[in-house]
Amino acid sequence: MTEKELRKKAMALPLNPGVYIMKNKDKKIIYIGKAKALKNRVSSYFGSHSNHSLKVIRMVEKVDDFDYILCDTEFEALVLECSLIKQHMPKYNILLKDDKGYNYIKVTKEEFPRISECYRMDDENADYIGPFISTFSVKRAVEETLKIFMLPTCNKKFPRDYGKSRPCLNGFMGLCSAPCNAGITKEEYIKNVNDAVAFLKGGSAKVIKELQAEMERYSEELEFEKAAKLRDRIRAVKNLEEKQKVVSINVPEEDVFALVNSNKKACFDVIRFKNGKLTDSEHWIIDSVDNPSEARFELIERYYSMRKDIPSRIAVDGGISDEELLREYLEHTRGKKVEFIHPQKGEHLKIVNMCIKNANEHLAQIQGRLGKEMAALEELAELLGLPKPPEYIESYDISHTFGSDNVAGMVVFHNGRPLKKAYKRFSIKGFDGQNDVGSMNEVLTRRLNHYFEDGEESTFSVLPDLILLDGGEPQVNAVLPLIEKMKLDIPVFGMVKDSKHRTRAIAYGGGEISINSHRAAFTLVSSIQEEVHRFAISYHHKKHQKSSFSSGLLKIDGIGEKKAKALLKQFKTISAIKAASFEELCAVSSISEKNAHDIYNYYNS
């Protein structure tokens, strides 16, 4: 259906609550939504796109038809929507990937057993503790247990490597008993492993009681060195307990959510408390959201469709659209009361801020933003008057030899770093001769047409936050009308060089901006200009070399571009063609005896 036909169908819908199901031309479900009034909600997709995000516009472009299911209440619509999303997993719904399986603690049955965390029970020569749901808890428990009981974390094999090398840093710091340096006997090592397994199975209280009894026995037997080691171990277990109490809240159970949004990506983070202690932490990197309140509703609903243990209290870092509806749904699923809180002070606010901090850190890691690079992007944004740091920068340069073999190079810098998989090469097709301005217009026209025509898998499907052209005001003025004609909002600037081909300034539609005094931005722009020049000129050299090779062949009667390419493909070089015999030339596909005779005579007369 056309968009006009879809709008007509949507306007015929009733003003009842319900669920709508968007489908593409292959009848595949691509989006599922709920609505208090189906007519109002569904018709809003088909018409003016001025208030729609890019993601919604892309989804609507692929809609060929839609179905709907009427419900008595908005709550029923929400329950049905959740069920259908879990069943069909539509592409354009905000989804959290449920990749959290069971986790185990593995204890090998070697002569010197090792303890580690794992995801599967796939080793017959090992014992397993578990399963556990929380990856976070298992990893932390194993790390702390290995420290407390001074067990090795290295890849050395015992008894093969027993007593054969100096201890590593952990051995010198007292975090490992250093069997590699014969710092512990086999019997003592196995005793430590058994104590560690008992600690993991029984918890700290039981282990402390047993260790204290053993310490007192050694003291009575005047074995003070052994008693001192047990004293230190007891202290380590108690320190772990105190460390866990640092992150705690005065409620039996609570989940804390934070959503941090950036230009291209967002991070959804949750930390979970049981018995007042932090027991789990998870995060997901998703596409940037346009409406955080609506996103929180969808993300929290999706999270608890994956995790059935809903707590009595949920702390959130911001507003939730239809919060009462979501609370009603969670209470219906849990069978008990659920409370949303938005902390403004006290310990709950500290926990929410910790969750936000974690989300920021995860987002920074996934985006690869180092402080130096981010500072350069922020300085560049301030210098150019951009509303935010340009995360995705495209740069273009034209290269030719006196107007022949015209080419262009496009490089991409993502978060201040080259993104080489997105680089593109263009061979100028519109004209011959030297015309850098016309070439730049052609290249940008082709690139932006790809944006509208290519699928989402194409690297052209991403619009840049900033375009930098190698050249001055003429190049910028050649591209700005094109951007405006296509109704895109992309800032365009030129990169101006001095007489020594070094970056001097940034050009815009009405003049130049000096950047020499802005060190971080200057370094970034210089790097971009050097990279795009290198990329464009390397392509030009390759093309020019190829055309130079074939140009001599084209002087021979009867040899056109296709036959020249066939000869070069067969012989690789002009020298090899010159040295070829008449019979060898005849053996090339598309080369006749007359052609072979003319070629041979041309190079050998």
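Which residues is Ile-300 in contact with, leaving aside its neighbours within four places in sequence? The first legend answers this.

**View 1. Ile-300 in the largest nonpolar core.** Leaving aside neighbours within four places in sequence, Ile-300 is in contact (heavy atoms within 4.5 Å) with Phe-257, Phe-268, Val-316, Ile-320, Leu-326, Leu-330 and Phe-340. The largest nonpolar core has 28 residues, of which Ile-300 and Leu-330 touch the most other members. A nonpolar core is a set of buried Ala, Val, Leu, Ile, Met, Phe, Trp, Tyr and Cys residues joined through side-chain atoms within 4.5 Å. Buried means under 20% relative accessible area, exposed means over 50%, and partly exposed is in between (1.4 Å probe, protein chains only). Elements that give two or more residues to this core include helix H4 (74–88), strand E7 (253–261), helix H10 (292–306) and helix H11 (323–334). Helices (H or I, at least four residues) and strands (E, at least two) are DSSP runs, numbered from the N terminus. Helix H10 gives the largest share of this core, 7 residues. A second, separate core has 26 residues, including Val-412, Leu-463, Leu-469 and Ile-483.

**View 2. Confidence of the model.** This is a predicted model, in which local features need pLDDT of at least 70 and side-chain atom pairs count only at pLDDT 80 or more, while totals for chains, interfaces and linings use all residues. Residues are numbered from 1 along each chain as its sequence is written, and side-chain values use heavy atoms, with hydrogens and water left out. The average pLDDT (the predictor's confidence in each residue, from 0 to 100) is 83 for the protein, and 89% of the residues score at least 70. Over residues 242–247, pLDDT stays under 50, and the model has 9 contacts beyond four places in sequence for these residues.

View 3. A disulfide is a pair of cysteine sulfur atoms within 2.5 Å, and a search of the whole structure finds 0 of them. Cys-176 is in no disulfide, and its nearest cysteine sulfur, that of Cys-168, is 5.8 Å away. Cys-176 has a relative accessible area of 10%, so this residue is buried. Cys-82 also counts as buried, at 2% relative accessibility.

**View 4. A salt bridge between Asp-65 and Lys-9.** A salt bridge is a side-chain nitrogen of Lys or Arg within 4 Å of a carboxyl oxygen of Asp or Glu. The structure holds 24 salt bridges. In this one, the side chains of Asp-65 and Lys-9 meet at 2.7 Å, N to O. Asp-65 lies in strand E3 (residues 65–70) and Lys-9 in helix H1 (residues 3–11), so the pair ties together parts that are 56 residues apart in sequence. Asp-65 is buried, with a relative accessible area of 15%, whereas Lys-9 is partly exposed, at 26%.

**View 5. Further salt bridges.** Glu-331 and Arg-327 meet through their side chains in a salt bridge of 2.9 Å, N to O. Both residues lie in helix H11, 4 residues apart, about one turn of the helix. An α-helix has 3.6 residues a turn, so residues three or four places apart point the same way. Arg-327 counts as partly exposed, at 23% relative accessibility. Arg-160 forms a salt bridge with Asp-161, and the closest N and O atoms are 2.9 Å apart. Asp-161 is buried, with a relative accessible area of 17%. Lys-34, Glu-74 and Asp-322 are linked in a network of salt bridges.

**View 6. Aromatic pairs.** Rings of Phe, Tyr and Trp (its six-membered ring) pair if their centres lie within 6.5 Å; planes under 30 degrees apart count as stacked, over 60 as edge-to-face and the rest as tilted. The structure holds 17 aromatic pairs. Tyr-423 and Phe-535 form an edge-to-face pair, 5.0 Å centre to centre, with 70° between the planes. Tyr-423 is in the loop between strand E14 (417–418) and strand E15 (424–427), while Phe-535 is in helix H16 (residues 519–553), and the two are 112 residues apart. Both Tyr-423 and Phe-535 are buried. Ring pairs also link Tyr-20, Tyr-31, Tyr-45, Phe-46 and Phe-66 into a cluster.
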